[in-house]
Amino acid sequence: MLELYQFELSQYSEKVRLILDYKGLLYRKIEVVPGVGQLELFRLSGQRQVPVLKDGQTYIADSTEIAFYLDRVYPEKPILPTDPVERGQCLLIEEWADESIGLKGRTAFLGAFAQNQNFRTAFLPRETPDFVRLLLGSVPAELIDILGTGVGLGKDAINSAKKGLHQDLEALSLILSSRPYLVGDRPTLADLAVAGLSVLLKFPDAPYLNLPRELQGKGIPGLADNSAYDVFFDWRDSLYSEYRQLSTSSPPPPSGDSPTSIEIE
C-alpha cells in the first residue's frame, strides 16, 4: 500500500490526498511529528518537508513531483491532458496555485489563527484542560502580531496575502461560472491542485480531514463567508463530494509493528 508522510493541516498534503482519492488508490497516512519526526523523515527520504509519498522502496517528495509520479506509474484516470494546449494550461494553473493559493492561503490562515481567539482554541484536543484553553485564548492579538512580524507574518503580510486571495477567488469564480472544470471537460491536475490547496481558506462541510466538527464549513473570515465566492467553494465541495474519501472511510493501519507516526526515541 502507498504511504503518505504528511501533516493533516498541510494544504500540499491535502492536494496529494485528493489526487490519490481521485485515482482510487489506497494509501495509509503517516502523520509526521514536527521537529524530531522531520529529522527521521530526512533520514528515510532525504527530505524534511511534507508531503512525501512512499511506493515500495521509492520515496517521492514535493506535491507536484508526486502528482507527476502517480500519473506516470498509475495511469488510470489520468490527471494530465494529452492535448498540448490543455496540458500547457493545466501545468500553468497548477504552478500558479502552488505559489499563490498555497503560500498566500497559509499566511492568511495563520493570520486568522492568531487574530481570532475562538479559531485558535478550536484546534485544541477536546481533553485539553480549561485553563490551557483560557491561556491560549487570552494571548493578545497585538502580541502575536509583533511576534509574527519577526518571521514575516505580521499584519502587513497577512493583509497582502488576503488581498491577493480575494483576486484569486474572484478570478476562479468567474471562470467556473460558465464551465465545469478549469481545463477541458474532465478534472485535471489543475482542478485537483486548486481544490486541495484551498482547504485552508474554507474547510469542507464534511469530515474529510481529522478536525474538530465545529470547524467543518468554517474558514478565514472575509474569504470563507464572502458570498461572492460561493461559485468557487460550491464547485470545490462538489468535486470533493464526488471524489474525496471521508476520513472515517480511510483503510485501517496494517497489522504488525509498522508505525502510525514518525518518532525518534
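Colleague: Why does Arg236 count as buried?

Modeller: In this predicted model, where local features need pLDDT of at least 70, side-chain atom pairs count only at pLDDT 80 or more, and totals for chains, interfaces and linings use all residues, Arg236 has 0% relative accessibility and therefore counts as buried. Buried means under 20% relative accessible area, exposed over 50%, and partly exposed in between (1.4 Å probe, protein chains only). Residues are numbered from 1 along each chain as its sequence is written, and side-chain values use heavy atoms, with hydrogens and water left out.

Colleague: Why does Asp237 count as partly exposed?

Modeller: Asp237 has 24% relative accessibility, so it counts as partly exposed.

Colleague: What makes the contact of Asp237 with Arg236 a salt bridge?

Modeller: A salt bridge requires a side-chain nitrogen of Lys or Arg within 4 Å of a carboxyl oxygen of Asp or Glu. The closest N and O atoms of Asp237 and Arg236 are 2.7 Å apart, and the pair forms a salt bridge. By this rule the count comes to 10 salt bridges.

Colleague: What makes Asp168 and Lys104 a salt bridge?

Modeller: Their side chains meet at 3.9 Å, N to O, and form a salt bridge. The pair links distant parts of the chain, with Asp168 in helix α8 (residues 155–176) and Lys104 in helix α4 (residues 84–115), 64 residues apart. Helices are DSSP runs (H or I, at least four residues), as are strands (E, at least two), numbered from the N terminus. Asp168 counts as buried because its relative accessibility is 7%, whereas Lys104, at 27%, counts as partly exposed.
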